[in-house]
Every structure is written in C-alpha cells, then in structure tokens.
Amino acid sequence: MPWFRLAMVAAYLLLLVHHCRVGSRQTRSLSDFLIAGRSLGGFVIALSFYATFVSTNSFIGQAGESWEAGLAWWLKVGIYGPLCWLSWLVVAPRFYQRSRQYESLTVADFLGARYQSFAVRRVAAIVILLASGLYLVAIYKGSAHALEQFLDLPYRPAAAAIFVVVTTYTLLGGFRSVVLTDSVQGLLMCLGAVGILWAVLHRGGGLGPMVETLESIDPRLVSWDGPTPLLVILGIGLAGGLKLLVDPRQISRLYGLKDERALKTARIVAPILITVTYFCLLPLGALARTIVSPEMAAKISADTDLVTPYLLGHSEILGPIASSFFLLVLLAAAMSSLDSVLLVTASAITRDLLLLEDDDPRAIGLTRQWVVVVSLVSMLVALNPFADIVEITAFSGSLYAACFLPTLVIGLYWQRPGAAVAITTMAGGSVVVVGWWLLKRSGWTTVHEVYIGLAVAFLAYTGGTLLSRSQNHH
C-alpha cells in the first residue's frame with residue numbers, strides 16, 4: 001500500500017515542520033540553538049536521551065548482529081541498562097552543576113574550562129569530529145536501508161533523500177525541535193521494540209520451540225561458546241554502552257535540563273526505556289533465523305543489517321499497517337540521531353575550533369554552514385561504507401570511551417591534573433584505538449580495541465595525575 005506509506009511520510013514531515021517552527025521562534029542565540037537555553041523538562045530530556053542513543057544503529061545493526069552471534073548477543077542488555085543508570089547517577093549531577101558554573105555549551109568547551117586550557121578544548125573537538133563522523137556514516141547506512149524498504153527506493157537515492165530532509169530540519173529547528181521530535185519518537189520506538197519481539201515470537205511459535213530450532217541449525221547459536229567470542233561481544237557492548245557516559249550527543253541532553261527536579265525525573269525514565277528496548281531488540285536476529293525463507297537467509301548472511309528492514313518490510317511481521325508504521329518510526333529515529341550528531345559536530349567546529357562566543361553574530365550562521373558540510377561528507381562516505389553498522393558504531397564508541405572516560409568522568413570527581421595529562425590521555429587513547437582497530441581489521445588480533453584503548457588511557461591519566469601530585473608535594 002504505497003499510498004498509505006506516502007501519507008505517513010507526509011504526516012511525519014508536517015510534524016517536523018511544526019517542531020522547526022517552534023524551535024526557530026525561540027532561537028535567539030547560539031545557546032538557544034545548541035541547548036534550548038537550558039529550559040526543558042526531565043521527561044522530555046529522558047526520551048530524547050533514549051531516542052538519540054537507540055536509533056537505527058540498534059534497531060537495524062544491533063538487532064541484526066545476533067543472526068551471526070547467536071543468543072549470547074542478548075547479554076549486552078546487562079551492559080546497556082546499568083551503564084545508562086550509572087550515567088544519570090554519577091555523571092549527570094556533577095556535570096549539570098559544573099556546566100552551569102563554567103557556562104559551557106559543548107563537551108569540548110567544558111573540558112577546556114575544567115583543565116583551564118584552550119589546547120585541551122581543541123584536542124577534544126578533534127576527537128569529537130572523528131568519532132562523530134564515523135557514527136554519522138553508520139546512521140546514514142541504517143536509515144538508507146530503512147527507507148529502501150519503506151518506499152522501495154534504491155540505496156543511494158534513499159541516502160540522498162535523508163540527507164536533504166535531515167539537514168534542512170537541523171538547520172531550521174536546532175536543539176529544541178530535535179528534542180521535541182525525539183520525545184514523540186522515543187515513545188513509539190519503545191512500543192515498536194516490544195511489538196517486533198512479540199510478533200517474531202508469535203510467528204515462530206514461542207521462545208522454547210524457536211530455541212530448539214536454532215539449536216538444530218547450529219548448536220553454537222544457543223551456547224555461551226557461540227560463533228562470536230564472549231569477550232568480543234562484551235567488548236562491543238562496552239564500546240557502545242560507555243557512550244551513555246561520555247558521548248557528546250548524549251551529554252548534550254544534560255545541558256537542556258531546566259532544573260534538578262528535571263534531572264531526577266530523567267534519571268528514572270531513561271534507564272527503564274533503554275533496558276526494555278534492548279531486551280527486546282538484541283535477540284531478534286538469532287530468532288529471525290527460524291522464520292525467514294532460505295533465499296532471504298542467504299542475503300541476510302551477507303549483510304545482517306537487513307534483518308529488521310526485512311521483518312518490517314517484505315515480511316510485514318506486524319501486519320501491513322503496523323509494519324509500515326514502525327518502519328516509519330525506524331526512519332524517523334535515524335533522522336533524530338542524525339540531527340543530534342550534526343549539531344554536536346558542527347558546534348565542535350564553530351564553538352571549539354573557531355572559538356566563536358555565544359553572542360557572536362556569526363555563530364549561528366557558521367554553525368548551520370558546517371551542519372551542511374558535515375552531513376554531506378558523511379552521506380557520501382555512507383554510499384560506499386567501509387564496514388557494517390555495528391563495527392563502525394563500536395569503533396566510534398571506543399574512541400569516545402578511551403578519550404573521555406578518564407578526562408571527563410574521572411575528572412569530575414578526582415583531583416584535576418594539568419592540561420598536559422588530559423591532552424596526553426586523549427591523544428594517546430585515540431592513536432591506540434585507531435591503531436588497534438587497523439590491526440584487528442588486518443587479522444593480527446581478535447581483541448577488541450575498546451579494551452586496549454581504555455587500558456592505555458587510564459594508565460596515562462592516573463599515572464600522569466599521580467606524578468603531577470607527587471611533583472607538587474615536592
């Protein structure tokens with residue numbers, strides 16, 4: 001029913017137009033454009049935090065990966081839920097207070113103020129550009145696959161269409177319109193995750209019979225010693241989950257909170273949404289093996305990112321109307337994450353590399369220009385992606401974890417070292433993560449880069465802090 005899907009697209013675009021108008025009317029400064037003037041409630045921020053993290057990378061990449069990894073992939077829910085709770089319990093309160101004290105608008109300028117160094121601020125901005133650029137490529141790939149199935153478009157025109165819509169929307173609305181749209185999408189995404197798992201279990205005759213069928217296909221799919229080593233699964237889970245604590249697109253949500261009451265509300269809502277959603281999504285790929293046709297199974301084996309689009313598209317697992325509706329939700333979720341990352345990346349350039357202040361009349365215009373440039377480059381790279389969604393996302397998360405977990409999270413509570421220690425930590429963490437990832441791609445090792453990157457970064461930060469403290473005592 002193409003007319004029905006086109007009608008839903010039109011309705012979604014009207015929602016975007018409405019939120020763009022709301023955001024545009026209330027945008028008077030760079031602070032309004034990037035963080036909605038710190039004026040939003042806890043429930044809305046929690047939904048935005050959730051929707052920004054989940055995105056199509058989870059609905060398509062994470063859900064599909066268990067096709068190859070088996071049910072052991074489900075263990076990652078035990079990483080994401082607790083790390084989300086830890087983010088709101090440990091990082092959010094202290095960051096909320098300090099960001100207002102420093103009058104910061106971005107993670108990079110927060111670190112610059114924290115370590116009293118423009119060099120720290122600029123190094124952090126470069127890390128954000130690299131890691132966010134990788135993540136944008138992954139989101140473009142997932143969203144183009146979703147639009148492929150939704151409107152039966154070829155992959156490249158689908159990516160181009162998403163570029164036009166998301167870039168225009170981000171330019172006009174800014175942070176406020178992004179969060180308002182996230183809050184609607186977040187509720188629908190959680191319902192969609194529960195609905196898809198229920199439909200798959202219903203189609204397959206229940207969890208017990210499906211597990212038995214999986215075991216007959218390959219006993220390793222239901223074993224702890226599965227096709228993907230457990231340490232690799234945990235490494236990918238950590239690389240993704242630690243972004244809940246340090247990824248600037250997640251941390252930027254904390255800037256929008258209007259008061260501490262809003263923070264306490266978000267602390268309850270966000271972890272519940274994350275836990276429920278990943279409990280439903282992570283086993284989908286493995287369970288789908290029991291219900292797809294042999295012809296489609298061969299295609300999915302070549303690209304596991306096709307599992308969820310197939311279930312909602314050709315298979316119409318939820319029925320024609322509901323499947324079409326949740327394909328739109330999936331597409332909308334991709335757009336939501338795209339605009340969030342675009343804002344973070346563009347602000348890293350204008351606010352932290354070019355050092356434009358909030359009251360600079362050029363600030364909003366230049367930020368919008370960089371939104372276009374970053375979005376276009378990411379979309380072009382996604383036309384010929386160098387890896388699948390999960391690998392790109394985990395690589396991006398490893399960079400963020402190695403660079404910002406010591407300098408941002410530990411730095412909030414431990415005695416602050418000098419700027420040289422922070423720069424060494426971020427630069428060393430980045431080089432090690434990139435180098436180790438290249439070694440892994442070349443087949444030299446199977447150990448995930450997040451372990452090595454975190455180990456080196458923590459050694460650099462703690463060693464440098466203790467050494468500087470010792471020198472100060474003497």
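This is a predicted model: local features need pLDDT of at least 70, side-chain atom pairs count only at pLDDT 80 or more; totals for chains, interfaces and linings use all residues.
Trainee: How many helices and how many strands does the chain have?

Mentor: Helices (H or I, at least four residues) and strands (E, at least two) are DSSP runs, numbered from the N terminus. Counted in this way, the secondary structure of the chain comes to zero strands and 20 helices.

Trainee: What percentage of the residues in the chain is buried?

Mentor: A residue is called buried under 20% relative accessible area, exposed over 50%, and partly exposed in between, with a 1.4 Å probe and protein chains only. Of the 474 residues in the chain, the buried share is 60%.

Trainee: Among contacts between residues at least 6 apart in sequence, what percentage joins residues at least 24 apart?

Mentor: Contact means that heavy atoms lie within 4.5 Å. Once the count is limited to pairs at least 6 apart in sequence, the share that joins residues at least 24 apart is 84%.

Trainee: Why is helix α5 described as largely enclosed by the rest of the structure?

Mentor: Helix α5 covers residues 107-114, and the description follows from how many of its eight residues are buried. Among the buried ones are Val-107, Phe-110 and Arg-114. Helix α5 is largely enclosed because the buried residues number seven of the eight.

Trainee: Where is Glu-103, and what is its relative accessible area?

Mentor: Glu-103 is placed in the loop between α4 (77-102) and α5. Although Glu-103 is not a glycine, its phi is positive, at about 55°. Glu-103 counts as exposed, and its relative accessible area is 63%.

Trainee: How many of the residues of helix α11 are buried?

Mentor: Helix α11 takes in residues 248-255 and is mostly covered. Its buried residues include Arg-249, Gln-250 and Arg-253.

Trainee: Which backbone atom does the side chain of His-448 reach?

Mentor: His-448 lies in the loop between α19 (419-441) and α20 (449-473), and its 3% relative accessibility makes it buried. Leaving out residues up to four places away in sequence, His-448 touches several residues, including Gly-235, Ser-398 and Trp-436. At 3.1 Å, its side chain reaches the backbone nitrogen of Val-450.

Trainee: Which residue's backbone oxygen does the side chain of Ser-396 reach?

Mentor: Ser-396 belongs to helix α18 (residues 389-413), and it is buried, with a relative accessible area of 0%. Apart from neighbours within four places in sequence, its contacts are with Leu-134, Tyr-135 and Ala-131. The backbone oxygen reached by the side chain of Ser-396, at 2.9 Å, is that of Ala-131.

Trainee: Is Lys-141 buried or exposed?

Mentor: Lys-141 is found in helix α6. Beyond its neighbours within four places in sequence, Lys-141 is in contact with residues including Asp-303, Asp-305 and Tyr-155. Its relative accessibility is 7%, and Lys-141 therefore counts as buried.

Trainee: How far apart in space are Trp-73 and Pro-227?

Mentor: Trp-73 sits in the loop between α3 (42-69) and α4, and it is buried, with a relative accessible area of 0%. Residues up to four places away in sequence aside, Trp-73 touches residues including Ile-236, Leu-282 and Val-390. Trp-73 and Pro-227 are 154 residues apart in sequence, whereas in space their separation, C-alpha to C-alpha, is 10 Å.

Technical notes
Residues are numbered from 1 along each chain as its sequence is written. Side-chain values use heavy atoms; hydrogens and water are left out. A polar contact is a pair of N or O atoms within 3.5 Å; within protein, one must be able to donate a hydrogen and the other to accept it, and residues adjacent in sequence count only if both atoms are side-chain atoms.
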